[in-house]
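Dear colleague,

I am passing on the structure we spoke about, and below it you will find notes on a few of its features. Please look them over when you have time.

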Amino acid sequence: MADEPMVVERPLLSKFNVIAGLIILVGLWLTFKRFTGGLGAVSNLDHSNPWGIWIGFDLLCGVALAAGGYTTAAAVEIFNMKKFHAAVRPAILTGFLGYSMVVFALLYDVGRPWRLPYPFAVNQGVTSVMFEVGACVALYLTVLFLEFSPVALEWLGAKKIRAVVVRLTILLTILGVVLSTLHQSSLGAMYLLVPSKLHPLWYSPYLPVFFFVSSIAAGLSMVIFEGSLSHRFFKDKMDDEHRKSANDIVLGFGKGCSMVLAAYFAIKVFGLALGNNWNLLGTGYGLWFMVEMLGFVLLPCLLYAIGVREKNVTLIKWTALWTVLGIVINRLNIVLICFNWQLPADQRYFPHWMEIGISVFVITVGIVVFRFIVTRMPIFFEHPDYKEAH
Amino acid sequence: MSTSRRKFLKWLTAAGAASALPSVAEGHGHFTGYSDSYGVLHDTTLCVGCRSCEKACNEVNDLPAPDRPFDDPTVLSDVRRTDEKAYTVVNRYDVNGPSGSPVFRKLQCNHCKEPACASACFVGAFTKTPEGAVVYDASVCVGCRYCLMACPFDIPAYEYNKALEPRVMKCTMCHPRVAEGKLPGCVEACPMEALTFGKRDDLITIARERIRKYPDRYIDHVYGETEVGGTNWLYITGAPFETLGFRTDLGVTPAPELTSGALAMVPVVIGVWPALLGGIYIMSQRKEKIANQEKAAAVKDAINTTQAKADAALKAATEKAKNEKDKAVEKAVKKALDDAAKQTGGGEA
Amino acid sequence: MSESIHTLQEFMLQTKGIIYLLAIGYLAGFVWFWRFLHGRDKKEDQIG
């Protein structure tokens with residue numbers, strides 16, 4: 001039968017396994033260095049630049065790009081857009097792994113990671129935006145775990161527990177959207193405290209709104225981008241429903257993302273007017289701001305729209321990658337590039353190769369786990385025992 | 001005002017006072033800080049850059065020995081910031097040209113009235129004490145370094161090279177010494193009386209008095225009186241503040257106010273989102289149900305129409321068949337009659 | 001009357017703490033209320 005998924009051989013000593021294995025070995029050595037020599041042994045962080053790429057890339061970009069989980073779940077479960085159903089499980093899995101990677105990277109960044117429960121268990125610093133971020137991320141990771149658990153339970157054949165969890169779907173989805181709204185926006189709100197350090201073109205009282213709205217664009221784009229990667233590498237694992245709805249998902253999410261980017265562009269311009277920062281557009285930073293706004297917000301917004309009108313799936317997929325890149329640039333601008341912009345060049349931060357090494361290590365571990373799960377559990381296909389059951 | 005309304009207001013006030021929660025001293029959410037808190041006034045016009053304060057600070061806080069000794073004058077050729085080995089540093093600014101007399105400025109925690117570090121800390125490791133000092137509790141610190149990010153003066157430092165128990169390091173305004181009735185280490189060591197310890201309110205008066213008495217010697221501004229909501233360390237100088245490394249663009253907004261709006265939205269989202277999303281869920285389910293019903297009705301309708309058409313066709317066919325049958329019978333009868341008539345006629349003929 | 005509050009920081013520490021507790025209570029209460037509200041719906045109409 002033509003529809004029967006063909007089984008692709010995945011030998012133990014494949015190119016992927018060898019490269020991933022080497023990265024993990026280096027990562028383990030860097031881990032040893034980090035936890036025996038302190039942060040200074042592996043990073044260029046200093047007193048004036050306390051946050052580097054672990055926060056700027058792993059945490060801020062990681063959380064934004066893992067937003068596909070709540071956006072897709074909301075579209076399907078709350079707004080009842082059934083034709084996107086096949087996108088839910090991959091998005092939830094990516095969200096769950098994305099947030100796990102964020103927390104994993106955080107274990108390297110904070111000075112005493114074993115104390116991470118302290119803000120909740122020992123002394124509650126409720127005036128901090130970070131308290132709220134921490135609480136929401138911890139709770140949302142639990143929600144994602146529960147949302148993902150039916151997959152593992154189907155794989156394990158635990159029908160009764162699965163039935164209980166599936167009944168909670170709508171509750172978990174709503175809770176997930178509440179928590180995501182809160183922490184996606186609060187990651188931006190953390191920077192409200194630094195008007196004297198963040199460049200005025202990026203500092204705005206709207207920061208929480210910017211972060212929330214752009215996280216939706218990031219999430220939708222990641223679903224498209226990741227879907228196209230999965231189609232390339234895991235096509236043999238996909239069932240008919242998944243393959244058939246793929247184009248619907250790309251077109252639907254592309255249309256949604258185009259609208260979100262249009263709104264995002266508008267509020268960014270309103271923010272510019274709110275701060276009366278027009279005169280700064282003529283400076284070097286202003287040029288860079290315009291590159292971000294025109295090249296990575298307005299351009300993908302238009303490309304998505306054209307792609308949707310022309311039903312050009314390839315264009316939408318490339319635009320998704322471009323949008324993801326734009327979100328990464330935005331987050332890096334806020335944490336690193338436009339932060340401490342007033343300090344002389346020799347006091348600015350540039351990541352040490354070992355910091356990048358640990359970031360690569362964290363991402364590699366995430367990809368290995370993703371690969372392990374999708375080649376075994378019912379992510380891209382429906383489990384035969386639970387067809388039409390959800 | 002009616003009696004009942006007055007009674008209601010009285011009841012409200014009584015209920016407020018009886019509450020076990022600490023009440024607000026100032027009205028309308030405006031806070032003026034601890035009125036009897038201590039501070040230090042740094043008069044840069046008196047400072048000679050001897051670094052006695054740095055040495056005393058190092059000693060009273062048991063800090064590690066500096067890389068270069070305190071009597072090494074070459075240290076002053078670099079502009080330094082506080083770090084994990086020095087809670088305070090003195091920098092030299094050649095504002096009057098290379099030949100003119102330099103100005104020295106001491107740098108340490110300014111002990112904000114509304115500390116950004118305390119506002120930022122998610123484990124509440126920083127406390128603004130009624131005595132004026134902002135103190136740090138390493139026993140709860142997670143090491144996220146948001147305090148380093150938040151400080152508008154770039155003061156807190158981190159022990160990046162400690163693997164197990166890294167701490168945030170910053171000036172405590174010698175809180176333990178002050179509690180014992182002693183002066184902060186740096187103030188006690190200053191040979192020039194460039195540092196004055198006292199009640200913050202008194203220090204502002206002293207500073208203003210000096211500026212009034214010697215208008216040619218001082219810039220007419222007490223740095224720290226209003227900056228970021230006010231600090232317990234205050235500065236007066238003879239050179240423009242920005243030439244001495246002071247940030248003059250910090251504004252007067254206290255740090256907690258910067259995030260209070262965003263934090264206030266948190267309960268709004270928690271309150272409204274579940275109802276809004278639940279409502280959308282119900283509506284989308286209902287829409288689907290109605291769509292399904294309409295679909296079912298349409299199918300039923302279509303079936304009925306088809307049935308009726310089929311019935312009609314059947315009826316027509318039956319009738320046609322019947323007609324044809326009748327016609328055939330009639331024809332057959334007629335033929336039989338004709339044949340009979342012929343036969344009879346033929347016989348007669 | 002107990003001690004008074006002098007700083008915005010302290011004020012926020014107290015009020016935000018109370019609000020977080022109220023918010024957790026509200027979320028728990030909302031689930032109960034949802035079930036109460038939809039409890040009598042006909043079986044085929046039942047939601048959640």
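The notes below take up a helix pair, one arginine and one further chain.

This is a predicted model, in which local features need pLDDT of at least 70 and side-chain atom pairs count only at pLDDT 80 or more, whereas totals for chains, interfaces and linings use all residues. Residues are numbered from 1 along each chain as its sequence is written, chains are lettered from A and ligands numbered from 1 in the order in which they are written, and side-chain values use heavy atoms, with hydrogens and water left out.

In chain A, helix α9 (residues 207-233) packs against helix α12 (residues 313-337) at an angle of about 145°, their axes lying 8 Å apart; axes here are lines fitted to C-alpha atoms over the stretch in contact, and angles run from 0 to 180 degrees between N-to-C directions.

A:R309, by contrast, lies in helix α11 (residues 284-309) of chain A and counts as exposed (over 50%) because its relative accessibility is 70%. A:R309 and A:L251 are 58 residues apart in sequence, with their C-alpha atoms 9.1 Å apart.

Chain C contains one helix and one strand, and 25% of its 48 residues count as buried.

How values were computed:
Helices (H or I, at least four residues) and strands (E, at least two) are DSSP runs, numbered from the N terminus. Buried means under 20% relative accessible area, exposed over 50%, partly exposed in between (1.4 Å probe, protein chains only).
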